[in-house]
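Reader: I would like a close look at one part of this model. Please keep the answer brisk and give the cut-offs.

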Amino acid sequence: MTEKDQLIRKEFPILKNRNVIYLDNAATSQKPPCVIEAADQYYRMYNANPLRGLYALSVDATDAYENARKTVADFIGAARPEEIVFTRNASESLNLIAYSYARTFLKEGDEIICTIAEHHSNMLPWQQAAKVTGAKLTYLYCEKDGTLTPQMLEDIITERTKLVAVTQISNVFGRLNDIKGFAKVAHDHGAVLVADGAQSVPHVPVDVQDLDCDFLAFSGHKMFAPMGIGALYAKYDLLEKMPPFLYGGEMIEYVTTEGATYAEVPHKFEAGTVNVGGAVGLAEAIRFMQRFGWDLITKREEELTVYAMEKMKQYPYVHVIGSEDPKEHHGIITFKLDGVHPHDIAAIFDAHGIAVRAGHHCAQPLMKYLGTLSTTRASLAFYNNKEDIDAFVETLMQIRKEMGYAE
Ligand SMILES: Cc1ncc(COP(=O)(O)O)c(C=O)c1O
């Protein structure tokens with residue numbers, strides 16, 4: 001391990017505590033002590049129900065929560081903090097758009113387009129919204145290597161299309177999609193663009209104003225923050241015209257027995273007691289990432305992906321899904337190994353102390369399109385290092401032998 005590797009490793013004690021080579025970062029990332037301590041400190045020093053108490057402790061909790069919102073907004077280049085709605089995760093953020101925006105503004109005869117490469121979280125909400133509103137759901141098919149271009153959207157979009165949903169980085173291919181280009185095509189046809197940022201916000205700089213997307217959903221837990229906190233970015237004027245998603249405490253302005261008026265954006269979308277500890281943890285995770293900086297994070301992840309894929313190429317029984325260019329994988333390497341089921345592959349990796357993911361990766365329609373039921377995925381974070389990759393590839397080359405093949 002280099003000195004830099006060691007410095008970064010110190011920030012992730014679980015890797016030593018459990019002696020694990022963790023290559024399932026697309027599922028969730030590990031948490032540095034500063035994030036754990038920030039949430040802990042919140043509960044030790046500031047905990048009260050925020051936004052409603054008139055006493056100092058509650059005001060402190062409110063400040064902590066609203067400061068976290070500002071940190072998130074700045075991180076993704078939102079025009080104002082009110083454009084950030086805190087949710088539980090990317091799935092909830094996408095459901096919020098489907099329930100509030102799609103079910104209100106779409107009707108029979110309209111069309112929703114989502115790509116075949118979407119995680120179920122950016123597909124099922126549109127299936128349901130289409131069923132309820134009578135809108136048609138159309139799938140935009142990628143190339144078999146995951147390529148998706150704005151031109152491909154241009155070829156199928158119609159004047160009836162009202163919403164287009166595209167992942168910024170696919171959790172299977174790792175490819176970075178041209179959200180700015182997709183947003184332009186969508187806008188030219190009067191549709192809104194929903195970007196799934198679950199795999200992009202943790203790994204590449206994202207500037208929502210530059211992308212000009214209307215919505216961006218992401219989860220804290222994939223970017224070193226606690227589980228249970230996520231965010232939805234939406235343009236302010238869209239949030240203003242959208243009805244609430246969940247109803248109840250804290251999201252109202254005034255209630256009578258007949259009905260209610262609702263709180264200002266974003267609070268009208270945050271019914272009930274909110275997750276202040278999670279929001280504080282997410283803000284600390286963002287500061288943690290900023291301390292290391294994008295140059296280091298993206299460069300390390302890219303170098304490691306190149307290193308891993310170059311080694312994997314030497315082994316004829318391994319087939320990586322997606323682009324042959326490691327630089328288009330953003331740390332996500334999904335593969336098949338001839339003659340071995342992904343569950344056996346993952347179990348053998350586990351026996352060697354290596355955590356990888358096996359299965360459909362919550363992308364069953366994509367798996368079907370690719371002609372498979374399941375694959376194995378190694379996904380990297382900047383705390384991984386060359387030793388991790390060496391152990392991963394060495395084990396990968398043992399698996400067929402452990403299953404009884406000659407090589
Ligand atoms: C591309 C993508 N979108 C959405 C999600 C859903 O994230 P969450 O489970 O945090 O809601 C994931 C999770 O793996 C993902 O990879």
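Which charged end sits over the ring of Phe105, and how many Å from its centre?

Author: The charged end of Lys241 does, 4.9 Å from the centre of the Phe105 ring. The criterion is this: NZ of Lys or CZ of Arg within 6 Å of the ring centre and within 35 degrees of the ring normal. This is a predicted model, in which local features need pLDDT of at least 70 and side-chain atom pairs count only at pLDDT 80 or more, while totals for chains, interfaces and linings use all residues. Residues are numbered from 1 along each chain as its sequence is written, and side-chain values use heavy atoms, with hydrogens and water left out.

Start with Phe105 itself. Its relative accessibility is 31%, so Phe105 counts as partly exposed. The classes are buried (under 20% relative accessible area), exposed (over 50%) and partly exposed (in between), with a 1.4 Å probe and protein chains only.

Now the rings. The structure holds 22 aromatic pairs. Phe105 forms one with Tyr101: the centres are 5.0 Å apart, the planes make 50°, and the pair is tilted. Rings of Phe, Tyr and Trp (its six-membered ring) pair if their centres lie within 6.5 Å; planes under 30 degrees apart are stacked, over 60 edge-to-face, and the rest tilted. Tyr101 and Phe105 are four residues apart in helix α5 (residues 90-105), so about one helical turn separates them. Helices (H or I, at least four residues) and strands (E, at least two) are DSSP runs, numbered from the N terminus. Tyr101 is buried, at 8% relative accessible area.

Phe224 and Phe382 give another pair. Their ring centres are 5.7 Å apart and their planes meet at 85°, so this pair is edge-to-face. Phe224 lies in the loop between β7 (215-219) and β8 (230-234), and Phe382 in the loop between β15 (375-379) and α15 (386-402), so the pair ties together parts 158 residues apart in sequence. Phe224 is buried at 4%. Phe382 is buried at 0%. Ring pairs also link Phe224 and Phe382 into a cluster with Phe12, Phe288, Phe292 and Tyr383.

Another charge sits over a ring. The charged end of Arg400 is over the ring of Tyr405, 4.1 Å from its centre.

A salt bridge needs a side-chain nitrogen of Lys or Arg within 4 Å of a carboxyl oxygen of Asp or Glu. The whole structure has 22 of them. Glu92 and Arg88 meet in one, at 2.7 Å, N to O. Glu92 is buried, with a relative accessible area of 17%. Arg88 is exposed, at 52%.

Next, the loop between α5 and β3. Asp110 forms a salt bridge with Lys162, with the closest N and O atoms 3.5 Å apart. This pair links distant parts of the chain: Lys162 is in strand β5 (residues 161-167), Asp110 is in the loop between α5 and β3 (111-115), and they are 52 residues apart. Lys162 is partly exposed at 25%. Asp110 is buried at 4%.

Last, helix α15. Asp388 forms a salt bridge with Arg9, the closest N and O atoms being 2.4 Å apart. Arg9 is in helix α1 (residues 3-9) and Asp388 in α15, so the pair ties together parts 379 residues apart in sequence. Arg9 is buried at 17%. Asp388 is buried at 4%.
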